[in-house]
Amino acid sequence: MDKPTLPKGTRDFGPATMAKRQFILDNIRKVFQKYGFMPLETPAMENLTTLTGKYGEEGDQLLFKILNSGDYLKNADATKLETRNSKQLTFDISEKGLRYDLTVPFARYVVMNRNEVAFPFKRCQIQPVWRADRPQKGRYREFYQCDADVVGTDSLICEAEIILMIREVFKGLGITDYTIKINHRGILNGIAEAIGAAGNETPMFVAIDKLDKIGEEKVKEELREKNFSENALTKLFQLLNVKGSNTNKLAVLFKEFETIASGQKGLRDLRLVFDFLRDYGSDESNVELDVALARGLSYYTGCIFEVKINNVSIGSVSGGGRYDNLTKAFGDKENLSGVGFSFGVDRIYDAMEELNLFPKDAQVSSKVLICYFDDESFRYGLGVLSKLRQAGIASEIYPDLSKIKKQLDFANKKMIPFTIVIGSEEVSTGALAFKNMTNGEQQKLTIDQIIKQF
RNA sequence: GUGGAUGUAGCUCAGUUGGUUAGAGCACCAGAUUGUGAUUCUGGGGGUCGUGGGUUCGAGCCCCAUCUUUCACCCCA
């Protein structure tokens, strides 16, 4: 029998890792609920027709497909088989796939339950997603997303609340040095129009999105290959290089977009988001208008977000935006506007590990371990255990009669901070040896006195 | 999906131009210590060198394939 292994890009999470992951997840869940988002879960697999066509051509290639059950070659086209046309053959032998994100399944749910849900509908969803990507650091084939979306309203208060939630989650996790990048598809379209590249937006978005990574010259090179004129490039970088505060950037762009409707709309939206933040009693801290931010997911139409933790070797840990046409893609007659974002738990974990931000006691399991010398004190210990648990103190007793050294070692290994050592003396007097495992101090206390220590 | 790097004990790594029974530190187990752990001392277990082929009298080391992890591209949480 060969040694067992895990599939590429997947991981086990042991108790120590789980404690830290729970810490992140609990924090996010708490904030989502505080902002009025109701939980939703959807199946791991969706029909392929639900998933394909929503993420662009690249995204479709990254979908995990599930082979049909039974005689799956029954419906396979003979010529496709003979010519080994895998791409075409896929849809003959597979009709289900694993979800690629949580937004598309959510849109599907909304369309299917249109009459039951009360709009505007706020839902949060914390579940794994799967991508057939090639794994790297901070990039897995199975990972958790934590989504919060609102559907059925155009109000930009939703965008403002997304910023508030991101800041609250990061505060709870102890992450202070981060940037919430914000942009608007309208601004991007406006720029394309302003430089005379309307109709050629996609290659422009793809290229400028990489600006902070590969630099101005490389982006220009890439765009020249896509037949952008020198005039267009000069104009483009004039707009991308506007520095200063968000207000300043908005003002400069406002002049450029005098006759461009989509650009105007983008600027108005962003200005309103910033206004709402101020009215709420907040400000623009950690928020940066980045006109080069484009994002690949093709369904975004309005504001777009991306969050980076600074000084770590991890890509973005959160992203999202507004999508106006997603329910229409599922045959919905009346179109519903939605906006949402997603935290990547796995990347937040990696970043926090790199920055050493996990609190030490995030790993503690039980608070007390009961140790004993003989069978009689074990029996007595069970009564003590029961009292501790009734008092709500997480505790356990060592299950086997063995040397006290081994029992205390076990407490150390599990990072249990206190032990109660019981022997014949303790059984007869009721004064228990209560030991602090961090500093080694020990005192004789009754069980009631011990409970009061917590 | 394209190209590059990597893999030796539970962990971090040594291992000479291919040459006998593959090493260290930490960790683990047992004893010194029959009512007290993270210090010290003594002893012990553990590796078909990622996997499968090949070259050779002989392979941890050379060649090929494959898998894992990782880096760049693509894309993205």
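The centres of domain 1 and domain 2, taken over C-alpha atoms, are separated by 51 Å; the assignment for chain A places domain 1 at 15–355 and domain 2 at 364–452, with bounds from an automatic or database domain assignment. This is a predicted model, in which local features need pLDDT of at least 70 and side-chain atom pairs count only at pLDDT 80 or more, while totals for chains, interfaces and linings use all residues. Residues are numbered from 1 along each chain as its sequence is written, chains are lettered from A and ligands numbered from 1 in the order in which they are written, and side-chain values use heavy atoms, with hydrogens and water left out.

On a 1 Å grid over the protein atoms alone, a cavity is a set of points where a 1.4 Å probe fits but cannot get out, whereas a pocket is an open set with protein on both sides within 12 Å along at least five of seven lines; lining residues have an atom within 4 Å of a point. By this rule there is one cavity of 30 Å³ or more.

| Space | Volume | Lining by class |
|---|---|---|
| Largest cavity | about 30 Å³ | seven nonpolar, no polar, two charged |
| Second largest pocket | about 220 Å³ | one nonpolar, four polar, four charged |

Residues lining the largest cavity include Phe37, Asp149, Glu161 and Val339. Helix H7 (157–173) and strand E6 (142–151) each give two or more residues to this lining, and H7 gives the most, with four. Among the residues lining the second largest pocket are Thr52, Lys65 and Phe91, and its largest share, four residues, comes from H5.

Conventions: Points joined across faces, edges and corners; volume = space filled by probe spheres on them. Nonpolar A, V, L, I, M, F, W, Y, C, P; charged D, E, K, R; others polar.
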